[in-house]
Amino acid sequence: VQEARARFRPVHAALLALLAAALALVLAPARRLREDPSDVLRALRAARGPALPSPAAVGAASLSAPGRYGKDTLADVIDGAAEAYLANGFVAARMAVYAFDRGAPLEVSAEAHRFERPDGARAQAAAERPRRAEPVPGVEGAISDGTVLLAVAGRDYLKLTVVTPGAGGPEALATIAAAWRKEQGP
Amino acid sequence: MSGGDARIGRREAVVRLSQAALAGAAVAGGGAFFAGRSVARADAPAIPDWRVPVTGAAARTVAARGEDPEKNVQRVLAALGGMEAFVRRGDVVLLKPNVGWDRLPEQAANTDPRVLATLVRACRQAGAKEILVADISCNDAQRCFTRSGIRRAAEEAGARVLDARELRTVSVAIPGAAAGLEVIEPLLRATRVVNVPVAKHHGLSRATLGMKNWFGVLGKGRARLHQDIDRSIAELAAVFRPTLTVVDATRVLLANGPQGGSLDDVRAVGAICAGVDPVLCDAWGAGALDLRPSQLGFIGEAERRGLGRSDVSLVRELGKA
């Protein structure tokens, strides 16, 4: 035993300390990821492309089958407006219509667009900003005039339009935008 | 020829391999070049010319203003000599509104349903055997025709409404950038065609009016016409020669077109222009968008091709009712 103790020198202690530090560096982030599965979900969603919240997440009765569009098909669905999107670095879009069951029919057309860079998403939102749009309380990066709501989060751009007459439109817009913003993450 | 050594030398092998590679590249390149290109069939029918001669003292292009779109349509038709001047008993009339968008009438992205219904009734009174209303929408066809109010208004007035789900497209002989694109089949059996666009902003061509409205009769692949939009619009105007053009400026979308959405982008103009000169009708429509005809490239293109005139002083203004 005395012989073994004699062989343990300060350099060994230093090596052990280095090993412990390396282990901590590897394990700490892994532990953090394990503790927050929403980060994983967000990363998976981001990799899938632009997304719209589920109808359940926004309290809608239904969501029409979402259409997916790319650079070659965007013009089929928004005609000549597609050129401005492409110039801003459009990558892909998802579009659908939310239907709410609130007595009177209430429907909201929703478009989630992804751009190559955040400044492309911001430029498109600025180009389509309604004249009387105001920030939407509680929804970071969202503006609305009550009929149209625009929001940007990173490379993604959300555009919502109320397509039914009557009350409840602004509230529905804010609800969808809040759910979308939450799914986008910080 | 000697029956001895049939082997080829290294040099000849290289030459032959190079030739084979060149031939292969030519075939592959040709395939890639022509892939996806539509070629008009030699036996494809031509688009009919639906124009009718204008006789008598009736005006050729007229505009009316007022809050009631039905009255505006009735006034312009009366000044043009009535729908009877254009539609005969037994005609199959196709009305081509803009129903491209899943939007409410108040959002002004589609032709106003009241304007269309008034035209349907006028055609019926003129003795049309069949009145068709057709358009290939950009958004979901069912939603567009329902939300816009077009289906209900047209059917109640006596028309048969055909949206993209019910329309078959057929090959036709079209020159220019649209060559190879198909058109909706009812166009070929219509004996009269009335173009009923809404006047509104368009992100690419600045405005969409009558001549741009022909995009809606084209099948898959029409987006390629955006590459040179002004020339393409003028080319379409040279192919599709309507009996009458009726520009709806009841509500005008001034920004964020063609789909729009915000009510702040809409101005209640309360006007209708109708006539037999599609270029002049579009020139008048430019004014509804606070634009001069010279600011719209497709109007100049069409005028240079002799398809009409852009001098809006030629439009007979009936004033406000």
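A: Start with a term: contact, or touching, means heavy atoms within 4.5 Å. The model is predicted, so local features need pLDDT of at least 70 and side-chain atom pairs count only at pLDDT 80 or more, while totals for chains, interfaces and linings use all residues. Residues are numbered from 1 along each chain as its sequence is written, chains are lettered from A and ligands numbered from 1 in the order in which they are written, and side-chain values use heavy atoms, with hydrogens and water left out.

Take Leu187(B). Leaving aside residues up to four places away in sequence, Leu187(B) touches Pro48(B), Trp50(B), Leu94(B), Val193(B), Val217(B) and Phe240(B).

Now widen the view to the core. A nonpolar core is a set of buried Ala, Val, Leu, Ile, Met, Phe, Trp, Tyr and Cys residues joined through side-chain atoms within 4.5 Å. Buried means under 20% relative accessible area, exposed over 50%, and partly exposed in between (1.4 Å probe, protein chains only). In soluble globular proteins, nonpolar side chains tend to be buried together.

The largest nonpolar core has 56 residues. Leu187(B), Val183(B), Leu218(B) and Phe240(B) touch the most other members. Several elements of chain B give two or more residues to this core, including strand 2 (92-97), strand 6 (182-184), helix 7 (229-239) and helix 8 (278-288). Helices (H or I, at least four residues) and strands (E, at least two) are DSSP runs, numbered from the N terminus. Helix 8 of chain B gives the most to this core, seven residues.

Next, a residue in a loop. Ser205(B) sits between strand 8 (198-202) and strand 9 (206-208) of chain B. Its relative accessibility is 3%, so Ser205(B) counts as buried. Not counting residues up to four places away in sequence, Ser205(B) touches Ile229(B), Asp230(B), Ile233(B), Leu296(B) and Phe298(B).

Chain B also meets chain A. The contact takes 24 residues from chain B and 26 residues from chain A. Across this interface the rule finds four salt bridges. A salt bridge is a side-chain nitrogen of Lys or Arg within 4 Å of a carboxyl oxygen of Asp or Glu. The side chains of Arg147(B) and Glu107(A) form a salt bridge, at 2.7 Å, N to O.
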